[in-house]
Structures are given as structure tokens and as C-alpha cells.
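Dear colleague,

Here is the structure I promised to pass on to you. Please open it beside this message and follow along as you read.

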Amino acid sequence: MPVNDRIAGFHAELTDIRRDIHAHPELGFEEQRTSEIVAGKLESFGIEVHRGIGKTGVVGRLRVGNSPRAIGLRADMDCLPIQEANQFGHRSTHNGRMHACGHDGHTTMLLGAARYLAQTRGFDGTVHFIFQPAEEGLGGADAMVKEGLFRTFPCDVIFGMHNRPGLAVGKFQIRPGPMMAGGAFFDIAITGKGVHGARPEAGIDPVLVASHITTALQSIVSRNARPADTVVVSVTQIHAGDAYNVIPETAVLSGTVRCFSKESMKLVEDRMRLIAEGVAAGFGATASLDFRALFPPLVNHADETDFIADCAAEVVGPENVNRNGPLTMASEDFSIMLNNVPGAYIQIGNGDQPGGCEVHNPGYDFNDGALPYGASLFARLVERRLARMTAD
Ligand SMILES: [Zn+2]
Ligand SMILES: [Zn+2]
């Protein structure tokens with residue numbers, strides 16, 4: 001069974017929705033317009049709509065028949081604080097805001113499945129269409145779960161999907177068990193002693209301290225983590241000083257950590273604190289670490305991984321589904337939902353054309369060619385998981 005015919009029939013309409021959302025990106029917990037579009041579309045399909053779960057989150061409930069079985073399908077709606085470099089017609093109209101991770105496409109694919117399922121109603125049970133705010137590090141999944149998402153909308157299983165640049169359109173990849181890393185953000189505040197830039201002997205230079213700490217932090221990966229464990233420590237910001245001739249009083253280092261276990265995350269946090277405080281002390285400065293573990297690793301449940309891979313194989317053929325996909329160091333807060341309900345998260349090809357752009361790049365765009373594949377997979381999950389029992 002290839003892409004669902006009826007869903008292929010509204011490919012043009014889905015493309016319009018996707019480009020409209022792309023042109024009007026909204027940051028996490030600010031998705032007012034996007035969530036209104038989602039809610040309005042769901043209502044127009046005849047689906048019961050619940051707004052304001054996790055601030056701007058939306059849940060659509062579609063019940064057919066009497067079965068108590070229920071499935072959750074999740075998409076994310078937020079954009080990133082990036083200035084879009086593309087010049088095409090549907091480029092961002094919001095300065096410094098961009099759908100650079102394809103959440104415009106994820107939202108549209110789920111709307112496509114919702115429209116199809118509301119029309120055809122070929123299942124017995126309840127579907128919860130979960131449109132999550134603030135996936136990009138601001139805690140949208142956590143907010144929805146804490147506000148009782150799975151108490152108000154109980155799900156036996158839950159599934160999500162993310163586009164993957166470099167993987168051809170019409171292909172899927174997944175792996176059972178850990179698939180995406182857990183993530184933390186950190187800030188290290190260093191205090192030295194500000195002084196004239198020509199009189200270093202009278203001060204304590206926090207820029208030099210920050211540089212030594214930055215270098216030393218890389219020894220956590222090479223010398224403290226077990227080589228068989230995968231760990232990333234990235235200092236991504238160094239802020240200090242405003243003038244050519246002033247050694248500043250303070251400096252701040254910030255960055256991110258990725259790994260696949262709580263133990264590794266704890267090891268990195270402990271070592272980072274020791275290094276920051278110890279190196280700073282060696283220079284006569286002080287340093288304090290603020291370490292925030294934000295996402296647990298994303299761990300796919302084995303049965304649900306097989307199930308979604310089987311459904312994907314129905315849509316695109318078994319040769320186009322990689323069931324042993326790569327580990328990804330990126331993080332994804334769907335992991336929080338998977339810690340509450342069994343399920344799986346799959347990657348859908350965004351295209352492997354030369355020059356194709358990675359997510360979080362100012363030249364990225366979701367590939368509209370992928371829309372029918374993703375919508376068909378979401379629909380197939382429901383039709384198989386909530387298949388009608390023959391009554392005779
Ligand atoms: Zn992203
Ligand atoms: Zn994303």
C-alpha cells in the first residue's frame with residue numbers, strides 16, 4: 001500500500017497550510033496564530049478541540065465506535081530564533097524567527113492525517129491529536145504532561161515523527177531503545193577583578209580563566225567519560241568585556257551537553273563543576289556552575305518501534321524503512337511523553353539532494369514532498385492500532 005490516495009488528493013492544500021505556517025513562525029509558548037490555525041482546522045474537520053494545554057498546546061479528540069482503546073499522535077509547533085536566509089515566496093515574515101527545524105511540516109502532516117481520519121472514520125477507538133508548543137528547549141512537552149495531558153486524554157500508545165535532512169523523501173528510519181541523546185544547558189559565571197587593560201598585575205583576568213576552563217572542559221569527554229559511552233560537551237557562548245583597554249570583572253561561558261544516560265549526565269555535571277571551580281581558583285578567580293538537565297534521552301519502546309516500522313513499510317515498502325537507524329546526538333522533548341506512555345519516534349526523509357540543508361540552519365526548509373508520506377503513516381498507525389474487530 002503506497003501513500004494513501006485520499007491524502008495524496010489534498011497534497012496541494014497541505015502544502016499551502018505548511019507554507020503559511022512557515023511564513024508566520026512563532027517561538028515556544030507564543031504559538032497563538034499557529035495554534036488557532038490548528039484548532040480551526042480540527043474544528044472544520046468535525047474534531048473535538050481542547051485549547052490551552054501547556055499554554056498554547058492544542059489537543060483534538062476523535063472518537064469512533066465504543067472501543068476503549070486510544071492512541072496519541074504528536075506534532076510540535078514552535079520555531080527558532082533564527083533570521084531566515086531563504087528568499088522564496090513563503091520565507092518568514094517575522095524578523096529573527098524561522099521554522100528552521102521543520103515543525104511547520106510536522107504540524108501539517110498531523111493535520112493531514114486528522115482530516116483523513118475524520119472523513120473516513122475507519123477505526124474503532126479514540127485518537128488524540130496532540131499539538132505541542134515549545135519543543136526547542138523551553139519545556140513544551142513537560143508543560144503539557146504536568147497539566148494532565150495523559151490524565152485528560154489517556155493514550156495506550158503514543159507516536160511522533162521528525163524530518164531528517166540527508167534521508168531521501170519517501171524513506172523512514174528508526175531504532176529500538178535509545179535513539180536521541182538527553183540534553184542539558186549550562187552557564188558558568190566567572191568573577192575576577194576588573195582593571196585597566198595595561199595593568200594586568202593589578203587585576204584577575206576572567207577572560208583568561210574562561211579560556212582555560214573552555215579548554216579543560218573537553219577533557220571530560222576524552223578523559224572522564226568511558227570511551228564506549230557517547231558524550232558531547234559544547235561551549236557555545238563566551239561573553240566578556242566591552243572595551244579594548246579594560247580587563248573586565250566577569251565572564252560567562254554557556255553551552256550544551258548531550259549523552260544517553262543519567263549516569264553520564266551526572267558525571268559531566270560533577271566534573272564540570274570541579275573543573276570550573278578548580279581552574280578559577282588556580283587563577284584567584286571564582287566560578288559557579290548552573291547546570292540544567294532539560295531532556296531525558298529519547299528511548300523507543302521495542303514493540304511500538306516494530307509496529308510503526310511495519311506501518312511505514314506498508315506506506316513506502318520495507319526497503320525504504322531502516323529499522324537500525326543511527327543514534328542522534330540531538331535531543332527531543334517527546335522523550336518526556338515516552339517516559340509516561342509507551343510509544344516510538346520515527347524519522348522521515350526530508351530529501352538527500354546535494355546542498356540540502358541541516359535543521360537549525362538559516363537556509364533550511366521543510367520538504368513539502370514529504371507531507372503525504374508522514375500524513376499517511378500517522379493515518380495508518382490509527383487504522384492498524386484501532387482496527388475494527390469483526391463482529392460476527
Ligand atoms: Zn530543532
Ligand atoms: Zn525539531
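Before we come to the metal site, one definition is needed: a donor is an N, O or S atom within 2.8 Å of the metal, and because water is not among the atoms, a site may look incomplete. Please also keep in mind that this is a predicted model.

With that cut-off in hand, you can see that Cys101 bridges two zinc ions, ligand 1 and ligand 2, which lie 3.1 Å apart. Glu136 sits in the loop between strand S4 (125–132) and helix H5 (140–146), while His360, 224 residues away, sits in the loop between strand S16 (343–349) and helix H11 (371–385), and so this pair links distant parts of the chain. The zinc ion (ligand 1) is coordinated by Cys101 through SG, by Glu136 through two OE entries and by His360 through NE2, at 2.0 to 2.7 Å. The spacing of these donor residues in sequence is C-x34-E-x223-H. Because the angles subtended by the 4 donor atoms run from 52 to 152°, the arrangement around the zinc ion (ligand 1) is irregular. His360 has a relative accessibility of 39%, so this residue counts as partly exposed.

If we take Phe129 and leave aside its neighbours within four places in sequence, the contacts of Phe129 include Ile47, Val58, Leu73 and Leu110. As background, nonpolar side chains in soluble globular proteins tend to be buried together.

Is Val209 buried or exposed? Its relative accessible area is 0%, so Val209 is buried. Not counting residues up to four places away in sequence, Val209 touches Ile190, Val279, Ala280, Phe283 and Ala285. Thr236, by contrast, is 27 residues from Val209 in sequence and 16 Å from it in space, C-alpha to C-alpha.

Finally, the axes of H7 and helix H8 (residues 262–282) come within 9 Å and cross at roughly 145°, and the crossing is right-handed. Among the residues that meet there are Val209, Ile213 and Leu217 in H7, and Leu267, Ile275 and Val279 in H8.

Technical notes
Residues numbered from 1 in each chain as written. Chains lettered and ligands numbered in written order. Predicted model: local features only at pLDDT ≥ 70, side-chain atom pairs only at ≥ 80, totals over all residues. Heavy atoms only, no water. Contact = heavy atoms within 4.5 Å. Donors = N, O, S within 2.8 Å, 3.2 Å for Na, K, Ca; no water. Tetrahedral: all angles 85-135°; square planar, octahedral: opposite > 155°, others 65-115°. Helix = DSSP H or I, 4+ residues; strand = E, 2+ residues; numbered from the N terminus. Buried < 20%, exposed > 50% of the residue type's maximum accessible area, 1.4 Å probe, protein only. Axes fitted to C-alpha atoms, helices over the stretch in contact; angles between N-to-C directions. Left-handed = near helix turned anticlockwise from the far one by under 90°.
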